[in-house]
Amino acid sequence: MTAILDRRLLVSRRDPGRAQVITAESEPLPPGALRLRIDRFGLTTNNVTYAAIGDAFHYFKFFPAPAALQGEWAGLPVWGFATVVESQAPGIAAGAGVYGFFPAAAYATLIPARDTPTGFRVERPELPPEFAVYHQYELADRDPFHAPDRADPAVVFRPLFLTGLLLADWLVAHDFRGAGAVVVSSASSKTAYGVAAALRRAAVQRPVIGLTSAERREFVERLGVYDRVLEYGEVAALARDTAAIHVDIAGGGSVRAALGDRLGDRLVLHLAVGMTHGRADGLAPRANTEMFFAPGWLLRRSRERGPAFVTDLVAGWQALLAGVDAHFRIRRGHGPEAALAAARELAAGDAPPDVAHVLSLAD
């Protein structure tokens, strides 16, 4: 096959706000491998988290930068849809659609290690076992989550809404750690919307309170998934007599401190999820804090509940996807400049809460 010119979005290991797009000629396809054109990928604050904790949490091991750049730069992992353009893998033909974890790039090369009921797996022995979900790739004609008529919203919301559904499942499975209320920081984020909408759909008998900035309060109230919306400066309005669990999507120490000052020992747990406020210390080990790792919980619950768990996730995903048009709009971008602009906007925290970036670097 004629050599293919690839583009890759790289981020600085030291500063997630710095990014560049490099162009290089693709290597020849190894035996047993697939070459995939990445047709679209989502870029969100979730990817900012990947970049901010890339070394500590192994995310920079997935798609390393070229050897000459690895000291300063790293490949950014994203979730995307791709098409097989060249195959030396038995049973997977050119033209097959694939969903999974890819580099933010025009093309990717994968070597399937074994078939699964919904697609195939690759082997990455350098990564911990709980990262297994990232090694699974879904073939469109077998994927229960596939939404062919909703490709743009699906590619950006799927990982975020599944994280929200898994968070809601964790809370219910742990009986909210005895808390009578749920406080969700960064309530305007898409993951926060996912968990709050999932809890509302499950009709849990606890108020879900969204914390947000003054600028985003009106948007968060319009989402219609929180029982109450407060600005960060209004934490003192929380009742002291109700035990609360904090779903910490903001990842900022000041939010945790304010909640701790107000609620004291009535704050039963900070469940750390992400860093929409862009600080790596948001996921550092702290007292009264647990890290929620969605892939690990997915693996555990799939083993505990089997196919019924996937069935519930698919139903929840379809319900959440059906509602996105009322609250969010897709911003489609093509080429290096669009990708760089979106990456910088997200890293700076300047992205409007109702915007979802769907990007492509492929010609």
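**Salt bridges and burial**

Modeller: Let's start with Arg114, which counts as partly exposed because its relative accessibility is 42% (buried means under 20% relative accessible area, exposed over 50%, partly exposed in between, with a 1.4 Å probe and protein chains only). This is a predicted model, where local features need pLDDT of at least 70 and side-chain atom pairs count only at pLDDT 80 or more, while totals for chains, interfaces and linings use all residues. Residues are numbered from 1 along each chain as its sequence is written, and side-chain values use heavy atoms, leaving out hydrogens and water.

Colleague: Which residue forms a salt bridge with Arg114?

Modeller: A salt bridge is a side-chain nitrogen of Lys or Arg within 4 Å of a carboxyl oxygen of Asp or Glu. Here Glu123 pairs with Arg114, with the closest N and O atoms 2.9 Å apart.

Colleague: How many salt bridges does the rule give?

Modeller: The count comes to 25. One of them joins Arg35 to Glu86, at 3.2 Å between the closest N and O atoms. That pair links distant parts of the chain, 51 residues apart: Arg35 sits in strand β3 (residues 34-43) and Glu86 in strand β5 (residues 77-87). Strands (E, at least two residues) and helices (H or I, at least four) are DSSP runs, numbered from the N terminus.

Colleague: Is Arg35 buried or exposed?

Modeller: Arg35 is buried, at 6% relative accessible area, and Glu86 counts as buried too, at 17%.

Colleague: Which residues are linked in a network of salt bridges?

Modeller: Asp169, Arg300, Arg301 and Glu304. Within that group, Glu304 and Arg301 meet at 3.0 Å, N to O. They're three residues apart in helix α6 (residues 294-305), so about one helical turn separates them.
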